[in-house]
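The sequence and structure are shown below.

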Amino acid sequence: LLWLKENTPEPFQNPNSYYELYKAPSPEEHYKYPESIYAVMSWWDYSHWIIRISHRIPNSSAAGQVNAAEAARFFIAQDENSANQIADKMRSRYIIIDHAMSTTKFYAMPRWAGSNEGEFFGTYYVQTEDGELGPVTLFYPTYYRSTVVRLYNFDGQAVEPKDTTLVISYEEKLDQEGASYREIVSSSFFPSYKEAEIYISKQESGNYRIVGTDQFISPVPLEKMMHYKLVYASPQKWRDKAAIKIFEYNQ
């Protein structure tokens with residue numbers, strides 16, 4: 001946040017504007033921002049920090065969760081063009097992402113966007129060595145194609161999976177209480193995503209799905225994000241990765 005304050009343009013041009021009073025518009029009018037204005041895209045949890053420490057304007061706010069749904073749609077957008085349209089509409093110039101947004105907090109983004117996390121990952125059960133069933137979380141192609149994952153997990157770079165595309169087959173079952181669960185019957189890695197798709201297309205019955213087991217190893221090809229440049233990676237680490245990353249968006 002301090003880096004953002006010291007290394008990005010003043011949105012109001014005057015560095016003292018943060019401390020100044022302004023003339024509020026009448027109830028019938030919107031506040032008129034100057035042409036120099038831009039915003040910072042992040043999750044609404046961090047808006048007060050962005051304002052207080054960086055003296056920058058967040059796209060979404062913890063005060064009433066204003067624009068939380070729009071920010072969520074940006075972060076789970078499945079292609080760069082869709083993400084760009086939202087960034088343009090919201091006058092975003094920088095995107096600041098911490099490790100939680102693409103991992104432990106990711107589930108909240110589909111919910112805010114009107115979807116659900118079940119479209120991005122799911123819990124399956126597999127037999128352990130002692131014959132018991134144990135849960136495992138598997139991630140779908142939609143997870144890896146999400147903008148927040150492409151940026152934080154892969155720095156917006158192109159990814160071509162090699163021997164990392166996993167295909168599972170599973171059965172829908174009921175436990176003793178009548179609750180449904182999915183048990184993995186078989187799993188196989190394929191040299192490429194295309195070969196995995198061909199394999200699934202040839203199956204005449206059963207439930208098959210392409211999945212990933214590691215949030216930082218994509219089972220699907222990802223294109224390079226052309227309008228987003230990594231401009232800062234924090235020295236603070238999370239699992240040997242920069243805990244926070246900042247990207248500059250260029251139209």
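## Nonpolar cores

In this predicted model, the largest nonpolar core comprises 54 residues. Those with the most contacts inside this core are Trp43, Phe74, Phe75, Ile95, Ile97, Met109 and Tyr228. Helix H3, spanning residues 68-76, gives the most to this core, with six residues. A second, separate core has eight residues, including Tyr124, Leu138, Tyr140 and Ile168. In soluble globular proteins, nonpolar side chains tend to be buried together.

The surroundings of Trp43 can be listed in detail. With neighbours within four places in sequence set aside, Trp43 is in contact with Ser60, Ala68, Ala71, Ala72, Phe75, Met101, Ala108, Met109 and Trp112. Two of these partners, Phe75 and Met109, are also among the residues with the most contacts inside the core.

## Nonpolar surface patch

Leu2, Trp49 and Ile53 make a nonpolar surface patch of about 330 Å². Trp49 is found in helix H2, which covers residues 47-54. Is Trp49 buried or exposed? Trp49 has a relative accessible area of 54% and therefore counts as exposed, because the cut-off for that class is over 50%.

## Salt bridges

The count of salt bridges comes to eight. In one of them, the side chains of Lys105 and Asp45 meet with an N to O distance of 2.8 Å. This pair links distant parts of the chain, its members being 60 residues apart. Lys105 is in the loop between helix H5 (99-102) and helix H6 (108-112), whereas Asp45 is in the loop between strand E1 (39-41) and H2. Both members are partly exposed: the relative accessibility of Lys105 is 22%, and that of Asp45 is 30%. Neither counts as buried, because that class requires a value under 20%.

Another salt bridge joins the side chains of Arg111 and Glu117, at 2.7 Å from N to O.

## A salt-bridge network

Lys173 forms a salt bridge with Glu171, and the closest N and O atoms of this pair are 3.8 Å apart. Salt bridges that share partners join Glu171, Lys173 and Glu183 into one network.

How accessible are Lys173 and Glu171? Lys173 is partly exposed at 30% relative accessibility, and Glu171 is partly exposed with a relative accessible area of 39%.

Terms used: Residues are numbered from 1 along each chain as its sequence is written. This is a predicted model: local features need pLDDT of at least 70, side-chain atom pairs count only at pLDDT 80 or more; totals for chains, interfaces and linings use all residues. Side-chain values use heavy atoms; hydrogens and water are left out. A nonpolar core is a set of buried Ala, Val, Leu, Ile, Met, Phe, Trp, Tyr and Cys residues joined through side-chain atoms within 4.5 Å. Buried means under 20% relative accessible area, exposed over 50%, partly exposed in between (1.4 Å probe, protein chains only). Helices (H or I, at least four residues) and strands (E, at least two) are DSSP runs, numbered from the N terminus. Contact means heavy atoms within 4.5 Å. Patches are made of residues with over 30% relative accessible area and no salt bridge: like charges are joined within 9 Å, nonpolar side chains (Val, Leu, Ile, Met, Phe, Trp, Tyr) within 5 Å. Accessible areas come from the Shrake-Rupley method with a 1.4 Å probe; for residues, only the protein chains shown count as cover. A salt bridge is a side-chain nitrogen of Lys or Arg within 4 Å of a carboxyl oxygen of Asp or Glu.
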